[in-house]
4 protein chains.
Amino acid sequence: MVNRVILIGNLGKDPEVRSLENGAMVAKFSLATGESYRDKEGNWQEQTEWHDIIVWRAVAERAEKSLKKGMTIYLEGKLTHRTWQDKDSNNRKTTEIVADYFRIVKNSSGANGASFPSEKDDPNNRNNVSNVSDAPMPTASEELPVTADDDLPF
Amino acid sequence: MVNRVILIGNLGKDPEVRSLENGAMVAKFSLATGESYRDKEGNWQEQTEWHDIIVWRAVAERAEKSLKKGMTIYLEGKLTHRTWQDKDSNNRKTTEIVADYFRIVKNSSGANGASFPSEKDDPNNRNNVSNVSDAPMPTASEELPVTADDDLPF
Amino acid sequence: MVNRVILIGNLGKDPEVRSLENGAMVAKFSLATGESYRDKEGNWQEQTEWHDIIVWRAVAERAEKSLKKGMTIYLEGKLTHRTWQDKDSNNRKTTEIVADYFRIVKNSSGANGASFPSEKDDPNNRNNVSNVSDAPMPTASEELPVTADDDLPF
Amino acid sequence: MVNRVILIGNLGKDPEVRSLENGAMVAKFSLATGESYRDKEGNWQEQTEWHDIIVWRAVAERAEKSLKKGMTIYLEGKLTHRTWQDKDSNNRKTTEIVADYFRIVKNSSGANGASFPSEKDDPNNRNNVSNVSDAPMPTASEELPVTADDDLPF
DNA sequence: TTTT
DNA sequence: TTTT
């Protein structure tokens, strides 16, 4: 089974961050994606979707440090649905995207908003993390340049 | 803005298909994705997510013809959320995935269930459609093999 | 079978656009994706991947009009590989991404480079196109607001 | 920058697995994705793409244990290109997909080839790994059911 | 060849 | 609640 969501959108507010009793950090925020289209009168209409995003642990810590209302971010995650009963015993359903990766596409403020944020601002990104699990991770004494093709056993 | 969902899962039932007054066809079905994990006692637990899928027009027609309860399919689409009020004037929210592409990964029945279904069973797939918009679409008199690289102006 | 590529990166040059004899338009460009990482001395290193992108027909026309060297774009497409023989009869292989969708994430110039480009600048985007095939597309006399849930036959 | 590839296809051979001097395991295999289309005579043609896949470390170990020629798998990864010079000093380019996740969609043999393989056969999958990093991971004494919404601090 |  |  595969369950994968990819979004680029804007944060409606700063993330809300909490810690559970077991120490795990959680962050939640809303992300707006939208599309513009012309209606039959030729006027631009905006159809905005607000997605509820939840992130855990290291991703939540990174969200707390780096995400602010108004930013545009890229994220990947999975769709989860929870069913519960409200005070009138009606069945209610909540849908959230559990994101396991995000990166900032654009800061909202003018400051460095004009630039695609460098990954240097974003040290815990998946690419670096991936280096741990995907790459040979040479020790200092046997550093292999990525292009050192001859060192590969193929 | 980007809003993209990718799922592989099983149909809970045959699709429900309807036509609107304007002639547009709509189909809906539920798709289960799941993951297994060991709980603290070491027993396998299954966490199933049921997603509400909706497809329109040509995709709905193809769904009606080809999709059956129990099949495993791959699909791509976008997440949409609608807010409405129930009889008690509570705000309720419904989340659906509007799929613009699907393909069968496995038939549920034993018949040809063992084989990855051929695209020959699936003539309206995106790849064929893409040929219309993505490829040179040569006329009969100037058919270009895909490998006829020399005919390309680069 | 599924073959899907998703990239966000920068254009190395303006697209090269050509028309085939059959009238089909083709555009090609290179897209850089990169990741930064610290090397063992703690210096930032950049690992850039240059991807060859090819787009056809309507997507090529849109690329010609809207894409410029230095822009950051999001795209989706598929991986294709072609094998050919060079002048020394060596087998050579070329890999290209045939993109069927793109959207501008950031203009390179200062002008409106600070803003996430509106879809209003981007009328041929997939979302609009999707409206044609995914939505009921009501006629003027029976316009249905997207939220007019009651009009749906479910 | 984002660089993401999603494939469902068939393994051309068993993976080739090696260990580097630093102990890192590497596995390589070819994956075929294809699409069928009718040519102008109305005959079915098959266009197969063969992708070179490379996986590292834990993913490579899992590939060695579980992947066999003929299986259909889903994978996610990133595109990488390497440039090198052949014996005639020609610049040559090699494209590989560095996969960071895969799962078996269909076994090739008749044995349990008819069923979508359970994640129970696939213990090192991303979903389980994600549980480690994405979920609260309660200790035994404070186990929280996934639906125990009231225990979350929102 | 881009970008930070 | 964002953004254009």
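These are my notebook entries on a predicted model, written as I looked things up.

**Ground rules**

I number residues from 1 along each chain as its sequence is written, letter chains from A and number ligands from 1 in the order in which they are written. In this predicted model, local features need pLDDT of at least 70, side-chain atom pairs count only at pLDDT 80 or more, and totals for chains, interfaces and linings use all residues, while side-chain values use heavy atoms, with hydrogens and water left out.

**Chain A, overview**

I began with the elements of chain A. I found 2 helices and 6 strands. Helices (H or I, at least four residues) and strands (E, at least two) are DSSP runs, numbered from the N terminus. Along the sequence, the pattern of chain A reads β-β-β-β-α-β-β-α.

Next I looked up burial. Of the 154 residues in chain A, 53% are buried. Buried means under 20% relative accessible area, exposed over 50%, and partly exposed in between, with a 1.4 Å probe and protein chains only.

Then I checked contacts, meaning heavy atoms within 4.5 Å. I took those in chain A between residues at least 6 apart in sequence; 54% of them join residues at least 24 apart. The accessible surface of chain A is about 7,000 Å², and carbon and sulfur atoms hold 49% of that. Such areas come from the Shrake-Rupley method with a 1.4 Å probe; for residues, only the protein chains shown count as cover.

**Helix 1 of chain A**

Which residues of helix 1 (residues 57-66) of chain A are buried? I noted A:Val59, A:Ala60, A:Arg62, A:Ala63 and A:Ser66. They span an arc of only 165 degrees around the axis, so they sit on the same side of helix 1 of chain A. The arc is that of the directions from the helix axis to the C-beta atoms. On the face turned away from the buried side I found the exposed residues A:Ala58 and A:Lys65.

**A:Ser108**

I located A:Ser108 in the loop between strand 6 (91-106) and helix 2 (126-134) of chain A. A:Ser108 has a relative accessible area of 39%, so I logged it as partly exposed. Which residues does A:Ser108 touch, not counting those up to four places away in sequence? The answer is A:Lys69, A:Gly70 and A:Met71. The C-alpha atoms of A:Ser108 and A:Met71 are 4.7 Å apart, although 37 residues separate the two along the chain.

**Strand 1 of chain C**

I moved to strand 1 (residues 2-11) of chain C. Here 9 of the 10 residues are buried, so the strand is largely enclosed by the rest of the structure. I then looked for its partners; two strands pair if DSSP finds at least two bridges between them. Strand 1 of chain C runs antiparallel to strand 1 (residues 2-11) of chain D, and 7 bridges join them. Across that pairing, C:Ile8 has D:Val2 as its bridge partner. Strand 1 of chain C also pairs with strand 5 of chain C, in the antiparallel sense, over 6 bridges. There C:Ile6 stands opposite C:Glu76.

**Aromatic rings**

How many aromatic pairs are there over all chains? I counted 4. Rings of Phe, Tyr and Trp (its six-membered ring) pair if their centres lie within 6.5 Å; planes under 30 degrees apart count as stacked, over 60 as edge-to-face and the rest as tilted. One pair is C:Tyr74 with C:Tyr101: edge-to-face, 6.3 Å centre to centre, with 70 degrees between the planes. This pair links distant parts of the chain, with C:Tyr74 in strand 5 (residues 72-85) and C:Tyr101 in strand 6 (residues 91-106) of chain C, 27 residues apart. Both C:Tyr74 and C:Tyr101 are buried.

In chain D, D:Tyr74 and D:Tyr101 form an edge-to-face pair, 6.3 Å centre to centre and 70 degrees between the planes. I logged D:Tyr74 as buried, because its relative accessible area is 0%. D:Tyr101 counts as buried at 3%.

I also checked charges over rings, which need NZ of Lys or CZ of Arg within 6 Å of the ring centre and within 35 degrees of the ring normal. C:Arg62 lies over the face of C:Phe102, 3.9 Å from the ring centre. In chain D, the charged end of D:Arg62 sits over the ring of D:Phe102, 3.9 Å from its centre.

**D:Glu46**

My last entry is a residue in strand 4 (residues 44-56) of chain D, D:Glu46. Is D:Glu46 buried or partly exposed? D:Glu46 is partly exposed, because its relative accessibility is 46%. Beyond its neighbours within four places in sequence, D:Glu46 contacts D:Gly34, D:Glu35 and D:Ser36.
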